[in-house]
Amino acid sequence: MEKELEFYSLFSAQKNKEAVLKSNFSSDFFDVFSDNVNFEIPVKTKIVLGKTMYDKIDFNDGINFVISDQFLKILTENKLTGWKTYPVEIKNTDKKYYGFQIIGKSGPLKEKKEQGFHIGYEFEKSSWDGTDFFSPKNTHLRFLSEKAKEVLNCEKITNIKIENIKKIENYSFGEE
């Protein structure tokens, strides 16, 4: 019997004193999350909260984030797919970070029939493009393949939390 594919979601671990960056995107920050590049390069930003610079640092828009040189090296060396980066300059630091964009895709999430909170996300597996980082259509969720989860956990990337999508609580407006 073939093993069922497992998928995961990538979150910020929200570590104590983590740095948070100011979002200066001139276009819709949802565009920045996706494959669009309607913003000024390099993105010039500064730390607006906290001070500890982990491998993953969030912008204060709640969607976008940057990754460290170490994180980028791990993604590249392990040939993980479904992402690209853009240049970022963070004021008052000489550390190198890169804006992270998920370009991998899948079809939309399956909507629950009943309104309310539910456990787990589902999507049609055949709609997934096979990349290691991807977002379901019409969402800003960050999904990972099993390979990506294993690599990131093994390499001990800081300030990330990875959770199986079958266990994530979410809200549905139900069918209308």
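**Entry 1: burial and surface**

I looked up burial to begin with, and found that 47% of the 176 residues of the protein count as buried, where buried means under 20% relative accessible area, exposed over 50% and partly exposed in between, with a 1.4 Å probe and protein chains only. I noted that this is a predicted model, in which local features need pLDDT of at least 70 and side-chain atom pairs count only at pLDDT 80 or more, while totals for chains, interfaces and linings use all residues. Residues are numbered from 1 along each chain as its sequence is written, and side-chain values use heavy atoms, with hydrogens and water left out. The protein exposes about 10000 Å², and carbon and sulfur atoms supply 49% of that area; the areas come from the Shrake-Rupley method with a 1.4 Å probe, and for residues only the protein chains shown count as cover.

**Entry 2: helices, strands and the sheet**

I then went through the secondary structure, where the protein has three helices and 14 strands; these are DSSP runs numbered from the N terminus, with helices being H or I of at least four residues and strands E of at least two. For contacts (heavy atoms within 4.5 Å) between residues at least 6 apart in sequence, I found that 72% join residues at least 24 apart.

Which strands form the open sheet, and in what order? Five strands form it in the order β9-β11-β12-β1-β13, with mixed pairing, and two strands count as paired if DSSP finds at least two bridges between them. The edge strands are β9 (104–106) and β13 (160–164), each of which pairs on one side only. I followed β9 to strand β11 (residues 133–136), with which β9 pairs in the parallel sense over three bridges, and there G104 has F134 in β11 as its bridge partner.

**Entry 3: nonpolar cores**

I next searched for nonpolar cores, meaning sets of buried Ala, Val, Leu, Ile, Met, Phe, Trp, Tyr and Cys residues joined through side-chain atoms within 4.5 Å. The largest has 20 residues, and those with the most contacts inside it are I67, L75, F100, F133 and L152. The elements that give two or more residues to this core are β1 (8–12), β6 (65–68), α2 (69–77), β8 (97–102) and α3, and α2 gives the most, with four residues. A second, separate core has eleven residues, including F59, V66, V88 and Y97. As background, I noted that in soluble globular proteins nonpolar side chains tend to be buried together.

**Entry 4: aromatic pairs**

How many aromatic pairs does a search of the whole structure find? I recorded 14, with rings of Phe, Tyr and Trp (its six-membered ring) pairing if their centres lie within 6.5 Å, and planes under 30 degrees apart counting as stacked, over 60 as edge-to-face and the rest as tilted. Y121 and F143 form a tilted pair, 5.9 Å centre to centre with 50° between the planes. Y121 lies in the loop between β10 and β11 and F143 in strand β12 (residues 143–144), so this pair ties together parts that are 22 residues apart in sequence. F143 also pairs edge-to-face with F134, at 5.7 Å centre to centre and 90° between the planes. F134 is buried, with a relative accessible area of 0%, and F143 is likewise buried at 0%. Ring pairs link F7, Y121, F123, W128, F134 and F143 into a cluster.

**Entry 5: salt bridges**

I finished with salt bridges, each being a side-chain nitrogen of Lys or Arg within 4 Å of a carboxyl oxygen of Asp or Glu, and the count by this rule comes to nine. E124 forms one with K110, the closest N and O atoms being 3.8 Å apart. E124 lies in the loop between β10 (116–119) and β11 and K110 in the loop between β9 and β10, so the pair ties together parts that are 14 residues apart in sequence. E124 is partly exposed at 44% relative accessible area, and K110 is partly exposed at 43%.

K112 and E122 meet in another salt bridge, at 3.2 Å from N to O. K112 lies in the loop between β9 and β10 and E122 in the loop between β10 and β11, so this pair ties together parts ten residues apart in sequence.

In helix α3 (residues 146–154), E146 and K149 are three residues apart, separated by about one helical turn, and their side chains meet in a salt bridge of 3.9 Å, N to O. Is K149 buried or exposed? K149 counts as buried, at 18% relative accessibility. I also noted that E4, E6 and K166 are linked in a network of salt bridges.
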